[in-house]
Amino acid sequence: MIIEWQKTGKPIDPANFFPFSRKTSVEIGFGKGDFIENYCKVYRDNLIGIEISEYSLRNAIKRLSKYNNIKILKSEAFFAIGHLFRKSTIDKIFIIFPDPWPKKRHYKKRFLNSEFFDRLAYVLKNRGKIFIITDEKVLAENINKILQKNQHFSLKKPPVKYIELAKNTKYGKKWRDYKKQFFIFYLVKVKGIKKYWDDILTGKRFDHILIEDFDLKKFIKKAKGVFIKDKSKFISFKNIYRGERNFILEFILKEETLLQNIFLKGEILEKKCVIKSLNPYNTIFTKGFFEIVNALSL
Ligand SMILES: C[S@@+](CC[C@H](N)C(=O)[O-])C[C@H]1O[C@@H](n2cnc3c(N)ncnc32)[C@H](O)[C@@H]1O
């Protein structure tokens, strides 16, 4: 039931992980799994739950594995929405009682920021929906501020059934007992983002570079000289870590808002050198990545 995105190559089309062609809905931060299970009993969508906490994941896997229309994606939400999903592949996104981080000093921990809403507009299908419920006034005010500037969504009346399902969760029940106010947002995507990650993702995998007649000194000079700065990207050599017959190169690669440290490992075999990605499952093989590969291969 786990989507092994580290092994499938990115970005993913969630529909490929389910046997039935149905609506694709995602819950971000499903915790104990109350909402996703409640929802699954009413709607037959293909469901993906995203969660970062190991503890929640372990419990939810036990609890949810009996449903063949629920898959779990273990990831941080901002990363998942920004980098793991293909454009326009999700019908509905649910964010049910997200961690509020109300204090100013915790602002950076709130993933529900303005860029996140742009990322949601990218992965949602046209007329795709977002349902958010929170009991935290500061968070709701912040979402309102973001939405005033965001052109991609229009606010609509939330379905009564979604509210009912959300209130019937651990936090929903708790805040109801405390008589707390609920703030609910139901957004419909009315305008897509044309130019976003499409411009930098290649969908290609990288296997290796083979260099014949390898000269380590010359190669290090070449690697240290890798520096590309243009409108959309910044690439720079950062470090080399050397062993007897091998080395690791580190590059900084920034494209739009995607920042990666690229690690390439070289093995020297007599007069040849083979260079591979040190962490292929965590590397996103973007256009910038292949510019580094080209610069080293020339
Ligand atoms: C307050 S709980 C709500 C759980 C669930 N939605 C419910 O209503 O029962 C928030 C959940 O979001 C998860 N979470 C917080 N920040 C996250 C992030 N950046 N990425 C993925 N999950 C996150 C937490 O681990 C936690 O399980």
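**Close-up views of the predicted model**

**View 1. Residues around the ligand.** The ligand is surrounded by 22 residues, the closest being G29, G31, I52, S53 and A77; a residue is near a molecule if its C-beta atom, placed from the backbone, lies within 6 Å of it. This is a predicted model, in which local features need pLDDT of at least 70, side-chain atom pairs count only at pLDDT 80 or more, and totals for chains, interfaces and linings use all residues. Residues are numbered from 1 along each chain as its sequence is written. By type, the shell around the ligand holds 11 nonpolar, five polar and six charged residues. Here Ala, Val, Leu, Ile, Met, Phe, Trp, Tyr, Cys and Pro count as nonpolar, Asp, Glu, Lys and Arg as charged, and the others, Gly among them, as polar.

**View 2. Elements that supply the shell.** At least two residues of the shell around the ligand come from each of α2 (34–42), β2 (46–51), α4 (77–84) and α8 (170–177). Helices (H or I, at least four residues) and strands (E, at least two) are DSSP runs, numbered from the N terminus.

**View 3. The β9–β10 hairpin.** Strands β9 (residues 227–229) and β10 (residues 233–242) run antiparallel and are joined by three bridges; two strands pair if DSSP finds at least two bridges between them. Three residues lie between β9 and β10 in this hairpin. F234 in β10 is the residue opposite K229.

**View 4. The β10–β11 hairpin.** β10 is also joined, by nine bridges, to the antiparallel strand β11 (residues 246–255). This hairpin has three residues between β10 and β11, and K233 stands opposite E255 in β11.
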